[in-house]
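Here is a note for a colleague who is opening this structure for the first time. The points below may be read in order, with the model open alongside.

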Amino acid sequence: MLRVLVLHGPNLNLLGLREQAIYGAVTLDEINQTLTRLAKDHNVDLAIHQSNAEGDLVTWIQHAHKTFDGLIINPAGYTHTSVAIRDAILAVGLPTVEVHLSNVYRREAFRRRSLIAPVAIGQICGFGAFSYELGLRALLDHLSRSDTQRSSQIREHDREEQR
Ligand code: DQA
């Protein structure tokens with residue numbers, strides 16, 4: 001069974017309350033419930049955490065080493081500042097999808113720079129709560145492809161051995 005870690009950064013606990021015109025009315029609990037349902041449909045095990053502290057996010061990423069197959073992260077405000085979160089993702093080498101509710105490229109200039117995107121497989125932004133669902137689907141698609149690739153590499157290796 002695949003294991004996926006979902007991390008929500010600072011202020012995302014306030015979704016539903018916070019700047020509704022930008023982030024919508026959906027709460028973090030509702031997002032987590034949708035993700036959990038989707039994961040169950042795909043036979044995937046999900047762990048979900050939210051923190052306002054950068055160090056918590058770094059620690060969860062570090063602990064994900066060898067225990068998770070992929071990471072979905074909305075680093076929120078830390079997207080634009082956190083060398084530490086970027087370094088943690090690089091350190092554990094987990095396939096990572098960065099998600100944002102808002103289209104960060106349509107907002108203030110400082111939100112257009114992500115320190116995380118260059119170490120992620122990809123980034124999804126601008127679809128509100130649906131960004132998370134797209135992110136999970138994209139990650140699972142990526143993992144299934146790399147799995148297929150891995151198994152065909154193993155088969156090729158076995159064939160070589162038999163020659
Ligand atoms: C956000 C975008 C960030 O710029 C912002 O700091 C957030 C939320 C989003 O999901 O749209 O807190 O990550």
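1. A first stop is Lys66, which counts as exposed at 76% relative accessibility, where exposed means over 50% relative accessible area, buried under 20% and partly exposed in between (1.4 Å probe, protein chains only). Lys66 lies in the loop between α3 and β3 (70–74), and although Lys66 is not a glycine, its phi is positive, at about 70°. Most residues other than glycine have a negative phi.

2. On the basis of the model: it is a predicted one, in which local features need pLDDT of at least 70 and side-chain atom pairs count only at pLDDT 80 or more, while totals for chains, interfaces and linings use all residues. Residues are numbered from 1 along each chain as its sequence is written, and side-chain values use heavy atoms, with hydrogens and water left out.

3. On the fold, the protein chain has five helices and five strands, and the pattern read along the sequence is β-α-α-β-α-β-α-β-β-α; helices (H or I, at least four residues) and strands (E, at least two) are DSSP runs, numbered from the N terminus. The radius of gyration of the protein chain is 17 Å, close to the 15 Å that the globule rule gives for 163 residues, so the chain is as compact as a globular protein of that length. That radius is taken over C-alpha atoms, and the globule rule is 2.2 Å times the number of residues to the power 0.38.

4. Of the 163 residues of the protein chain, 42% count as buried. Among the contacts with a separation of 6 or more, 76% come from residues 24 or more positions apart, a contact being heavy atoms within 4.5 Å.

5. Which residues surround the ligand? They are Arg18, Tyr23, Asn74, Ala76, Gly77, His80, His100, Leu101, Ser102, Val104, Arg107 and Arg111, a residue being near a molecule if one of its heavy atoms lies within 4 Å of it. This shell divides into four nonpolar, five polar and three charged residues, with Ala, Val, Leu, Ile, Met, Phe, Trp, Tyr, Cys and Pro counted as nonpolar, Asp, Glu, Lys and Arg as charged, and the others, Gly among them, as polar.

6. The polar contacts of the ligand (pairs of N or O atoms within 3.5 Å) include one from the side chain of Arg18, where an N or O atom is 2.9 Å from a ligand oxygen. Backbone atoms take part as well: a polar one of Gly77 is 3.2 Å from an oxygen atom of the ligand, and an N or O atom of Leu101 lies 2.8 Å from a ligand oxygen. The protein covers 97% of the 320 Å² of accessible area that the ligand has on its own, areas of this kind coming from the Shrake-Rupley method with a 1.4 Å probe.

7. Two members of the shell deserve a separate look. Ala76, in the loop between β3 and α4 (83–92), is buried at 11% relative accessibility and has a positive phi of about 50° although it is not a glycine. Arg111 sits in the loop between β4 (96–100) and β5 (122–125), is buried with a relative accessible area of 17%, and, leaving aside its neighbours within four places in sequence, is in contact with Tyr23, His80 and Val104.

Definitions and conventions: Polar contact = N/O pair within 3.5 Å; in protein donor to acceptor, adjacent residues only side chain to side chain.
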